[in-house]
Amino acid sequence: MRRRHVLTLAAAGAVGAGCSAGDPPRRPAASPAPPAGLVFPNGFAWGASTSAYQVEGGATEDGRGPSVWDVFSHQQGRTEDGGTGDVAADHYHRSYEDLDLMRGLGLKSYRFSISWSRVLPTGRGTVNAKGLDFYHRLVDGLLARDITPVATLFHWDTPQALQESGGWASRDCAKWFADYATVVCYSLGDKVQTWLTLNEPKTVVEVGYTAGIHAPGVRDRRVANVVGHHLLLGHGLAVQAFRATGRKGRIGAALNLSPAYPADDSDAARRQATIADGEENRRWLDPVLLGRYPDDWLATQPSDAPVRAAIHDGDLAVIGSKSDLLGVQYYNPTYVTAKGGRVQKHPTSQATWQEIYPQGLHDLLTRIKRDYGDIPLTITENGMPSLQPVDDQDRITFLRDHLTAAHQAIRDGVRLEGYHVWSLLDNFEWAEGYSQRWGIIHVDYTTQQRRRKASADWYQQVIARNGI
Ligand code: GCO
């Protein structure tokens, strides 16, 4: 059930010939000691993130249709202790309380996702006005509290009806996604000015379609690679759909990225790190920001993974439609051995896939600037689960160290506009059910009572000071 272990294994398998990437990944530098008094740029978007299925609950309410995660989480043995998102943090009914908690923190920005099947119960066709109204109320509540809404269109909850018509394995899904984007961006677009298309397509491909431990539970590398291309195509078509609505604002993808380092000084480890970098990062960044797949990544795809056949003429131009910003999600680095295996060099969190290495965030941000130019960046996710229910000092240390690294990147010229901690609330952590608590606000799942953790108090101070 440890999903990024799976990411690690999946990528480690993807080795092969040919690697012509630019500079080899650098060896990590020592973590800097946190200097006192780091001030962030004026207007820095201090934020927090959630996603629909992880917090909303209200799974069958007001006409919401099922998504792949409703079906999957109800299947025996799919999630820790059989957890589902039926109720989750009950945010659907408690959004006003949660909005007030956000205001109490002084949040400048809130990143949430829209449940596709709440708005379009079967994924396409008739709009469910009550579902859309929920997001109007949420956004109105944010604006009334001076919090900027950042809306993600797809955080893994493909409508089940579309899954039954092929889901992302079908090329049509990219078009269905763009049609949904049109509805939502047009309807909310006079209030929401920052949009994210996909959340972590890599995780969908590697955990949902290769390892099968996330919805829809498919274990087929061939299908997974095609799904990856269709997700990217969906991103590009959604960018175009957003522009066609004529609404003002900015749009981009939210990618989970992981700096890849050689585990030792050998040339072989360096070469393997470049291959891993292709899988972890360039496979997603290049199409979205440069309109092409990396040649070395394509060359390493096994002959039975027909990604090339899925690429039609013109697709890369669509996928590379100009993005206005990039959401960066950072949780861990990747260390690669001479044989292409993965090793860990730093302590992990309760999520044992999560090796804690703050300097990796600096390396990642500066590398994006170096290789992809000055696109505005916002950290759309960063955080850790803590075993301390409320006095989560370990999370404070984690956040402080990562913000220090982010600040260093800004000093090095990176255009970083914001930071969103994952997560605002404890919530449904996918296959891990409710066994990991990632929130800065504690949720008692019996009473649904919210309680600020020490990290929430600390973050409030950071926001008030605009620095650490
Ligand atoms: C992701 C998702 C979140 C997770 C978080 C912690 O990045 O996987 O966007 O939904 O809950 O990352 O694992």
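Gln 448 is buried, its relative accessible area being 6% (buried means under 20%, exposed over 50% and partly exposed in between, with a 1.4 Å probe and protein chains only). This is a predicted model, in which local features need pLDDT of at least 70 and side-chain atom pairs count only at pLDDT 80 or more, while totals for chains, interfaces and linings use all residues. Residues are numbered from 1 along each chain as its sequence is written, and side-chain values use heavy atoms, leaving out hydrogens and water.

Gln 448 is found in the loop between S12 and strand S13 (450-452), where helices (H or I, at least four residues) and strands (E, at least two) are DSSP runs numbered from the N terminus. Although not glycines, two residues have a positive phi, as the table lists.

| Residue | Phi |
|---|---|
| Asp 90 | about 55° |
| Gln 448 | about 65° |

Asp 90 lies in the loop between helix H3 (68-73) and helix H4 (91-105), and with 11% relative accessibility Asp 90 also counts as buried.

Two peptide bonds can be described next. The bond from Ala 215 to Pro 216 is cis, with omega near 5°, and Pro 216 sits in the loop between H9 and helix H10 (221-245). The bond from Trp 422 to Ser 423 is cis too, with omega near 15°, and Ser 423 has its place in the loop between strand S11 (416-422) and strand S12 (441-443).

Thr 352, in the loop between strand S9 (342-343) and helix H15 (359-372), is partly exposed, with a relative accessible area of 33%.
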